[in-house]
Every structure is written in C-alpha cells, then in structure tokens.
Amino acid sequence: RIVKGKINVYCKKYYNGQLATDEYYLQAGNEGKIMVYSKEFVTELIKDNSEALKFFNNKKLRGSTSERLLGTAHLYNNGQLITKN
C-alpha cells in the first residue's frame, strides 16, 4: 500500500526480464473492494471532491500515472501523509 486514507492506493510491480511495470489498485476506505486502476473508477471515487477531480482531469499534467494518481489521492484524502510500505 502506498497511500492510506479515504482512498487507499496499492502498487504491484511486474518484472519481464529487465523491464518492470507497475499496476495500480484502489480501494474506497478500508472496507471497499480493491479494484484495478482505471480512469473511470478513479473519477467515480472522487466525484464528490471538486479539487481532486479537477487535478485528476487536468490535461496539462504531463506526469506519469503514478504522479497523477498519488497527487489525486493526496488531495482527496485532505492532505493526509502519503505512506509507502
């Protein structure tokens, strides 16, 4: 788990020879079902927070999926610390 709060974010790293790929999963709180990351799922989770929704949908952000997702989760979780276990 790399983010804990109202939205939990998990990351699983897959290795294919020398290449590594991250796959992200999200969970609404501690009781929600853990689902594979998709833009539609994130949008559904954060629809009640206009600041986080605006950040996530910002077309000018050129960052990776990781940066966009972590920034969005940080905003949605009201600035709670991002943890990486």
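**Pocket lining and side-chain contacts**

Mentor: The largest pocket is lined by Y37, K39, F56, N57, N58, K59, G63, S64, T65 and R68. This is a predicted model, with pLDDT of at least 70 required for local features and 80 or more for side-chain atom pairs, while totals for chains, interfaces and linings use all residues. Numbering runs from 1 along each chain as its sequence is written, and side-chain values use heavy atoms, without hydrogens and water.

Trainee: What is the volume of the largest pocket?

Mentor: A pocket is an open set of points on a 1 Å grid over the protein atoms alone, where a 1.4 Å probe fits, with protein on both sides within 12 Å along at least five of seven lines; lining residues have an atom within 4 Å of a point. Volume is the space filled by probe spheres set on the points. For the largest pocket it comes to about 190 Å³.

Trainee: How many charged residues are in the lining of the largest pocket?

Mentor: The lining includes K39, K59 and R68, and Lys and Arg count as charged. By class, the lining has 2 nonpolar and 5 polar residues, and the charged ones number 3.

Trainee: Which residue's side chain meets D22 in a salt bridge?

Mentor: A salt bridge needs a side-chain nitrogen of Lys or Arg within 4 Å of a carboxyl oxygen of Asp or Glu, and the count here is 2. For D22 the N to O distance is 2.9 Å, and the partner is K13.

Trainee: Is K47, the partner of E44 in a salt bridge, buried or exposed?

Mentor: The side chains of E44 and K47 meet at 2.6 Å, N to O. Buried means under 20% relative accessible area, exposed over 50%, and partly exposed in between (1.4 Å probe, protein chains only). E44 has 46% and is partly exposed. K47 has 55%, so K47 counts as exposed.

Trainee: What are the relative accessible areas of D22 and K13?

Mentor: Both D22 and K13 are partly exposed. The value for D22 is 33%, and for K13 it is 42%.

Trainee: The charged end of which residue sits over the ring of Y76?

Mentor: The rule asks for NZ of Lys or CZ of Arg within 6 Å of the ring centre and within 35 degrees of the ring normal. At 5.0 Å from the centre of the Y76 ring, the charged end belongs to K6.

Trainee: What separates the C-alpha atoms of Y24 and S64?

Mentor: Y24 is buried, with 9% relative accessibility, and S64 is one of the residues lining the largest pocket. Y24 and S64 are 40 residues apart along the chain, and their C-alpha atoms are separated by 12 Å.
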